[in-house]
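Dear colleague,

Please keep it open while you read.

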Amino acid sequence: MHSRTWLATICLGLLASPVLAGQPVMSDFTARSGEPRAPEQLAVVFEHADLSFRVDPVHKSIDGDATLTFRALKPLSRLVVDLDRNYRVESVWVDAEPVPAGDWENPQGRMTVPLPVALQAGQSATLRIRYSGQPHVAKNAPWDGGFVWSKVPSGEPWVASAVEGEGCDLLWPCIDHPQGEPLLVDEHITVPAPLVAPGNGIAMGMEEHDGWRTYHWRARSPDTYAIAINVGPFELLSADYDSRFGNTIPLRFWYLRGNEAKARTLFTQFPKMLDFFEGTIGPYPFGDEKMGVVETPYLGMEHQTINAYGNGYKLTEYGYDWLLQHEFAHEWFGNQVTNVDWDDMWLHEGFASYMQPLYLQWLRGDREYDAWLLDQRKTLANKVPIVSGHAMTESDTYNGKTGPGNDIYYKGSLLLHTLRNLIGDKAFFAATRELVYGTQDPRPGNFKPRYASTKDFIGIVNRVTGHDYGWFFDTYVYSAGLPELVSTRDRQGLSLAWKASGDQSFPMPIQVRVDGRDIDVAMRGGHGHVDLPAHALYTIDPHSRVLRARPYLEAWKDEAREHARREAANGKSKQP
Ligand SMILES: [Zn+2]
């Protein structure tokens, strides 16, 4: 497998949560992220989360103290949050009044707390929960998430959390759903001195007392799973980036002591990536906070303004760090625009995956763009549509056996490449900009993090182009199989006909190169014809613009699988 297919599995919780020896069993409810929200969760605005974590690397435990402020949208008699029941809840308070232990309950990881006085619409209440215990330990972060308790070679603790797959409720009492973002988060992360704890958003200060340090961070509208713990003997690289939009963006990279030379080299890629994204998509969404990266003991994760980086400073043959670039793309596709449901996750991963060839097209040229797309093309399964049209959990979406799995990455990317060729760069980037910012004229200060669905994006494309592209999305997004272009050579020339899933109309124009000359075929009604001189040589879609079924690729993949199966069987039979 080409190393680049590693990117297939970034940010995903593909595997069911295994149980580590001696580790308490997580409830099924806690293991899943994106379950339908409780009516009480739908009835509030999550205004503020003030989160304190005391991280004890010796005992691999945390003490948590969360004060959550909710504003009611309708009359409300109780509050509901999600929290891993394996934590010991020390005390619960509503508006500074203790709630007796028998009054609240948390049977399966969804915690219900009665309000002493019911809230009317517009009124707010604060829920304080003090909890402690050993957080779930990741077996294989970031895919199987939780805490990673590692050590650097000199022995100091190196700790990181990654909870995308199972959700924020592994770390703090939250609303474990893509739309559960608090408007504002304060983090107070207490760690043994002199360890460093970089966090989301802006550094509000650090206090040292009794051999412990407390770092205070403040972030606006972070993704629920973007709130992350990072602790280690970090050194810091700092610089400022002068944006084309007139603002100055702080660049921050916390790297492990000893890695300074490699870290300095990687740090030179930060402004290049900002050049690309700001010039191609629009303003860096968190320019008033920072572009932040921290070295992690696992590969990577899109933690808002404190992206996890664990790619070991390896560059691809194209001379760039694909992991850093992929996670950074999520600041636009994931953290600025967030899917309304896990069913729309291709808006994060498909766009972020398309940003890689697009970055290479700018950085290196068309050959590198095409080469990266071709590698993505080889991976497609096309077994399940990338969007189901109904609510999904994270694991439903990422399970490649019963859900779309990696197709949300690479089929998403390739359909965006096809869309770009179909509607042209101007319309494509206008639609992308509006998806990300909700406006086609984003400037620092005139947009906020927002939610969007697949239907929202289709509506934007139709509005921007003035055409109905429902047929395009019906085929590529809501159908599993790829459209097939059937070509028949006869005496007159070449007859072309699209065969799309469910016999849908698929009027996708196509080029045919005939003896070196490119001819556009409109394919109205899904059919077209090209006159060919006798013995003419021709190539269909010579610039590889259209994603379509390629039976020879499937035959090659079947053969490779069969070969691997035979090798494995032979290897087994040679065992003594
Ligand atoms: Zn990703």
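Please bear in mind that this is a predicted model. I begin with tyrosine 320, which counts as buried because its relative accessibility is 1%, where the cut-off for that term is under 20%. Tryptophan 372 is likewise buried, its relative accessible area being 1%.

Across the model, the count of aromatic pairs comes to 43. One of them joins phenylalanine 253 to phenylalanine 270 in a tilted arrangement, with 5.6 Å from centre to centre and 40 degrees between the planes. This pair links distant parts of the chain, since phenylalanine 253 belongs to strand 15 (residues 248-256) and phenylalanine 270 to helix 4 (residues 269-280), 17 residues apart. Both phenylalanine 253 and phenylalanine 270 are buried.

Tyrosine 320 and tryptophan 372 also form an aromatic pair, here edge-to-face, with 5.7 Å centre to centre and 65 degrees between the planes. Their pairing again connects distant parts of the chain, 52 residues apart: tyrosine 320 is in the loop between strand 18 (307-309) and helix 5 (322-329), while tryptophan 372 is in helix 7 (residues 366-377). Both residues are members of one aromatic cluster, which also includes Phe276, Phe277, Tyr284, Phe286, Tyr318, Phe328, Trp332, Tyr359 and Trp362.

Finally, there are two places where an arginine meets a tryptophan ring. Arginine 54 lies over the face of tryptophan 212, 3.8 Å from the ring centre, and arginine 128 has its charged end over the ring of tryptophan 93, at 5.6 Å from the centre of that ring.

Note on methods
Residues are numbered from 1 along each chain as its sequence is written. This is a predicted model: local features need pLDDT of at least 70, side-chain atom pairs count only at pLDDT 80 or more; totals for chains, interfaces and linings use all residues. Side-chain values use heavy atoms; hydrogens and water are left out. Rings of Phe, Tyr and Trp (its six-membered ring) pair if their centres lie within 6.5 Å; planes under 30 degrees apart count as stacked, over 60 as edge-to-face and the rest as tilted. Helices (H or I, at least four residues) and strands (E, at least two) are DSSP runs, numbered from the N terminus. Buried means under 20% relative accessible area, exposed over 50%, partly exposed in between (1.4 Å probe, protein chains only). A charge sits over a ring if NZ of Lys or CZ of Arg is within 6 Å of the ring centre and within 35 degrees of the ring normal.
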